[in-house]
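Thanks, everyone. Let me put the structure up, and then we will walk through it.

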Amino acid sequence: AISWPPVAGEVNLADYIALEILRLFEVDTYNAIRNDSDRICGRREISSSRDTREEDLQRFVDLASEKNREFVKTGIIRLFPRLENMGYGAEFEEIWEASRRICTKKHFDTYFRMSLSNDTLSMRSIEEFIDKCADSTFVREALLKAASNIRGNGKSEIPLLLDELNSHGAKIAKEKFEALFVAIFEVADEILREQDEERGGFSFGGTYLRIHWLIRKLTFDRCKLPERSKILFTASEKAQIGWLVDFVSSTIEDHHPRKKGEAPEPPEKCLVTAEAAELLRSKTIKVIQTTAKAGALITHPRLAYILFRWREFADDDGRSVKAWTRKQLSEDVNVALLARALTGESWSQSVEDRVSERHVNVGVESLDKVLDKKLFRQRLEEIHKRGNLESPHKDNIETFLDAWRRIDKADDD
């Protein structure tokens, strides 16, 4: 018998029935599909150097009884577009995810486990969020709850929720945009988790980037620039500092690209008007200065990014930000916090590797844009020599200093 109730509403009905028919009549093919999502989910990369579509498809078909192979072949192709003799653009993955198709990695497991995959949320919770997203209080609480719900892979539910909102963006009424963005902007820093960042050579994206995607998904096609500008300007009024700096940087770059010779974005691709972007720039400088004066800036998880944008927004050749960082260098713990903030990491992954490799890097060549580079090195050496700090501050000093020394040695060689 076909099993349906436990996942009702959480999967695509046509896909589920087709898969159940395979389970009942061609169990070997069914089991092979169940154990090989990497080979059949998603879309085929046209640029792939080796096209294994035909052999992948045939491997599943050959497991079926001879009399049913043509039917099985047609069914598998319809279930998994990756095995079709054509390519699909990235926009199709969004459509498949919104329809909860089996061909998407995030919904694949649900079809076999009779329960929701760890990579998805229930349709009931998504529909409730969309229905109530004009209630800023509800949205804030839902986001904070999602950030506190940690899955088995160490990530919270925030990536899932924001991805689902992107997939189901067409269901969100335009009159709800402002209240939704007000709430998101108000808690953007609180729902920011390092563990939610995508890592590896073939993955990218974090909470801020997903918010950017959502803004563009909802407003670029459905709002003219003046209307979009008003909505986002209002939302920014109570935005938390990390997200505010990130957002405002994007609004400015729309009109004043960082790369020389690059043209500004056309109006339909700008987040806000040029006038609103300038007002946001001035406002953000004041927010940074106020936060710095209150002593809250030094511990912000996006400290390094904020420091470089502070210099950029102030347009004073770094005088403001350097004056502040110079004061911080007088305190040992703050030197360690700066070292931690200015320590970067990158992740590499080859086609053959399943696990990404972490690399620590420090961009010492650009340090003098936001602080006294010579004094910073002097203070790092002093604190390291004394060894009076406890972990993790001690570790942050050592990590940064070791990386800097390696750069010095490479330059000497």
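Which side chain does the side chain of His300 meet in a polar contact, at 2.8 Å? It is Asp189: the two side chains are joined at that distance. One caution before I go on: this is a predicted model.

Let's stay with His300. Where does it sit? His300 is in the loop between helix 16, residues 274-293, and helix 17, residues 303-314. Is it buried or exposed? His300 has a relative accessible area of 11%, so it counts as buried; the cut-off for buried is under 20%. Its side chain has another partner too. The backbone nitrogen of Arg302 is reached at 2.9 Å. Now set aside the neighbours within four places in sequence. His300 then contacts Asp189, Tyr208, Ile241, Gly242 and Ile306.

Let me zoom out to the whole chain. There are 413 residues, and 45% of them count as buried. The secondary structure comes to 21 helices and 2 strands. Along the principal axes, the C-alpha trace spans about 80 × 55 × 45 Å. The accessible surface is about 21500 Å², with 49% of that belonging to carbon and sulfur atoms. On contacts, take residue pairs at least 6 apart in sequence. Of those contacts, 66% join residues at least 24 apart.

Here is one pair for scale. Met86 and Tyr305 are 219 residues apart along the chain, and their C-alpha atoms are separated by 42 Å. Met86 lies in the loop between helix 5, residues 69-79, and helix 6, residues 90-98. Its relative accessibility is 40%, so Met86 counts as partly exposed.

The largest nonpolar core has 87 residues. Which of them touch the most other members? They are Phe181, Phe185, Phe247, Leu297, Phe376 and Phe400. Helix 12, residues 177-187, gives this core its largest share, with 8 residues.

Phe247 is in contact with Phe185, His212, Ile215 and Leu232, among others. That list also includes Ser236, Leu271, Val272 and Leu280.

Now charges. As a general point, side chains of opposite charge can pair when their charged atoms come close. How many salt bridges does this model have? The count comes to 33. I will take three of them.

Start with Arg140 and Glu186. Their closest N and O atoms are 2.7 Å apart. The pair links distant parts of the chain, with Arg140 in helix 10, residues 136-148, and Glu186 in helix 12, 46 residues apart. Arg140 is partly exposed because its relative accessible area is 25%. Glu186 comes in at 15%, so it counts as buried.

Next, Arg210 and Asp163. Here the closest N and O atoms are 2.9 Å apart. This pair also links distant parts of the chain: Arg210 is in helix 13, residues 207-219, and Asp163 is in helix 11, residues 158-167, 47 residues apart. Why is Arg210 called buried? Because its relative accessible area is 6%, and the limit is under 20%.

Then Arg281 and Glu278. In this salt bridge the closest N and O atoms are 2.5 Å apart. Both residues are in helix 16, 3 residues apart, which is about one turn of the helix. Glu278 has 39% relative accessibility, so it counts as partly exposed.

Salt bridges also join into a network. Glu10, Glu97, Arg100, Lys106 and Glu164 are linked in this way.

Last stop, the surface. Which residues make the nonpolar patch of about 460 Å²? Leu13, Ile17, Ile21, Leu24 and Phe25 do. Take Leu24 from that set. It lies in helix 1, residues 13-25. Its relative accessibility is 38%, so Leu24 counts as partly exposed. That also clears the patch cut-off of over 30%.

To close, back to where we began. Keep the buried His300 in view, with its side-chain contact to Asp189. I will take questions now.

Terms used
Residues are numbered from 1 along each chain as its sequence is written. This is a predicted model: local features need pLDDT of at least 70, side-chain atom pairs count only at pLDDT 80 or more; totals for chains, interfaces and linings use all residues. Side-chain values use heavy atoms; hydrogens and water are left out. Patches are made of residues with over 30% relative accessible area and no salt bridge: like charges are joined within 9 Å, nonpolar side chains (Val, Leu, Ile, Met, Phe, Trp, Tyr) within 5 Å. Accessible areas come from the Shrake-Rupley method with a 1.4 Å probe; for residues, only the protein chains shown count as cover. A salt bridge is a side-chain nitrogen of Lys or Arg within 4 Å of a carboxyl oxygen of Asp or Glu. Helices (H or I, at least four residues) and strands (E, at least two) are DSSP runs, numbered from the N terminus. Buried means under 20% relative accessible area, exposed over 50%, partly exposed in between (1.4 Å probe, protein chains only). A polar contact is a pair of N or O atoms within 3.5 Å; within protein, one must be able to donate a hydrogen and the other to accept it, and residues adjacent in sequence count only if both atoms are side-chain atoms. Contact means heavy atoms within 4.5 Å. A nonpolar core is a set of buried Ala, Val, Leu, Ile, Met, Phe, Trp, Tyr and Cys residues joined through side-chain atoms within 4.5 Å.
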